[in-house]
Amino acid sequence: MSTREAPVVGSEPSRREQLLATAADLFAARGFHGVSVAELGRACGISGPALYKHFASKDAMLAEILVSVSRELLTVGRERVEEAPDAAAALRALVAWHVEFALTRRATIVLQDRDWSALPDDAREEVRRLQRSYVDTWADQLRRLDGDLAPATARATAHAVFGLINSTPHSARLPGPEMRALLRGMAERALGLDAGMDVG
């Protein structure tokens with residue numbers, strides 16, 4: 001199955017987003033350091049030097065990929081929570097969102113795991129900040145559901161569920177709808193939720 005990245009939210013991707021999606025695919029397939037600017041240009045249908053009209057460097061492309069997806073996870077996650085009537089519904093909505101993200105953004109999950117050290121320092125700190133906030137979004141709902149849950153335990157629980165869902169680059173062996181249902185059911189059961197309730 002192709003790892004071609006596709007925007008989860010929004011409408012038609014911009015040229016910049018298309019370039020980043022192509023870069024994410026190449027970086028995931030061959031490693032950040034295994035892809036040259038010339039190869040990136042060819043894959044994008046332009047010359048290597050023409051990429052510099054859009055991005056300052058290859059490092060800047062990696063930084064924008066990982067910062068932008070971390071920001072998107074947090075923004076949409078918060079929106080799902082705000083729309084939910086209670087903590088249980090919020091957690092189901094967060095699970096549904098993260099599963100959708102993982103199934104459509106496999107390349108970025110690979111990059112986050114493997115090429116994290118290649119990020120410039122300022123981008124690495126920004127990704128850390130955004131991801132901490134995303135974890136806290138989940139942890140807050142877990143603690144609303146269980147008032148006795150310690151903050152550290154709530155955050156650890158969120159990380160454990162992320163690990164389950166983010167295994168998709170290696171574990172997605174079923175057609176999309178079946179894999180989506182499987183992951184959502186497993187994640188909801190891990191959180192102690194009724195997996196039979198749908199959040200759309």
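Q: Hi! Before we start, what kind of model is this, and how are residues numbered?
A: It is a predicted model, where local features need pLDDT of at least 70, side-chain atom pairs count only at pLDDT 80 or more, and totals for chains, interfaces and linings use all residues. Residues are numbered from 1 along each chain as its sequence is written, and side-chain values use heavy atoms, with hydrogens and water left out.

Q: Thanks. How many helices and strands are there?
A: The protein chain has nine helices and zero strands. Helices (H or I, at least four residues) and strands (E, at least two) are DSSP runs, numbered from the N terminus. Along the sequence the pattern reads α-α-α-α-α-α-α-α-α.

Q: And how much of the chain is buried?
A: Of its 200 residues, 45% count as buried. Buried means under 20% relative accessible area, exposed over 50%, and partly exposed in between (1.4 Å probe, protein chains only).

Q: What share of contacts joins residues at least 24 apart?
A: That share is 67%, among contacts between residues at least 6 apart in sequence. Contact here means heavy atoms within 4.5 Å.

Q: Let's go inside. Which residues touch the most other members of the largest nonpolar core?
A: Those are Phe27, Leu40, Leu62, Ile65, Leu66, Leu119 and Trp138, in a core of 61 residues. A nonpolar core is a set of buried Ala, Val, Leu, Ile, Met, Phe, Trp, Tyr and Cys residues joined through side-chain atoms within 4.5 Å.

Q: Which helices supply at least two residues of this core each?
A: They are α1 (15-30), α2 (37-44), α3, α4, α5, α6 (121-145), α7 (151-165) and α9 (176-190).

Q: You listed Leu62. What is Leu62 in contact with?
A: Leaving aside neighbours within four places in sequence, Leu62 is in contact with Phe27, Phe32, Leu111, Asp115, Ala118 and Leu119.

Q: How do α1 and α3 pack?
A: Their axes are 10 Å apart, at an angle of about 100 degrees. That makes α1 roughly perpendicular to α3. Axes are lines fitted to C-alpha atoms, for helices over the stretch in contact, and angles run from 0 to 180 degrees between N-to-C directions. Angles under 35 degrees count as roughly parallel, over 145 as roughly antiparallel, 65 to 115 as roughly perpendicular and the rest as oblique.

Q: Which residues make the contact of α1 with α3?
A: From α1 come Arg16, Leu19, Leu20, Ala23, Ala24 and Phe27, and from α3 come Lys58, Met61, Leu62, Glu64 and Ile65. These residues of the contact of α1 with α3 divide into eight nonpolar, no polar and three charged. In that count, Ala, Val, Leu, Ile, Met, Phe, Trp, Tyr, Cys and Pro are nonpolar, Asp, Glu, Lys and Arg are charged, and the others, Gly among them, are polar.

Q: What about α3 and α5?
A: The axes of α3 (residues 58-83) and α5 (residues 106-114) come within 11 Å and cross at roughly 110 degrees. These two helices, α3 and α5, are therefore roughly perpendicular to each other. The contact is made by Leu62, Ile65, Leu66 and Val69 of α3 with Thr108, Leu111 and Gln112 of α5. For the contact of α3 with α5, the residues divide into five nonpolar, two polar and no charged.

Q: Which residues of α5 are buried, and what covers them?
A: The buried residues of α5 are Arg106, Ala107, Thr108, Ile109 and Leu111. Their cover includes α1, α3, α4 and α8 (168-171).

Q: New topic: where is His98, and is it buried or exposed?
A: His98 is found in helix α4 (residues 87-104). With a relative accessible area of 2%, His98 is buried. A polar contact of 2.9 Å joins the side chains of His98 and Asn166. A polar contact is a pair of N or O atoms within 3.5 Å; within protein, one must be able to donate a hydrogen and the other to accept it, and residues adjacent in sequence count only if both atoms are side-chain atoms.
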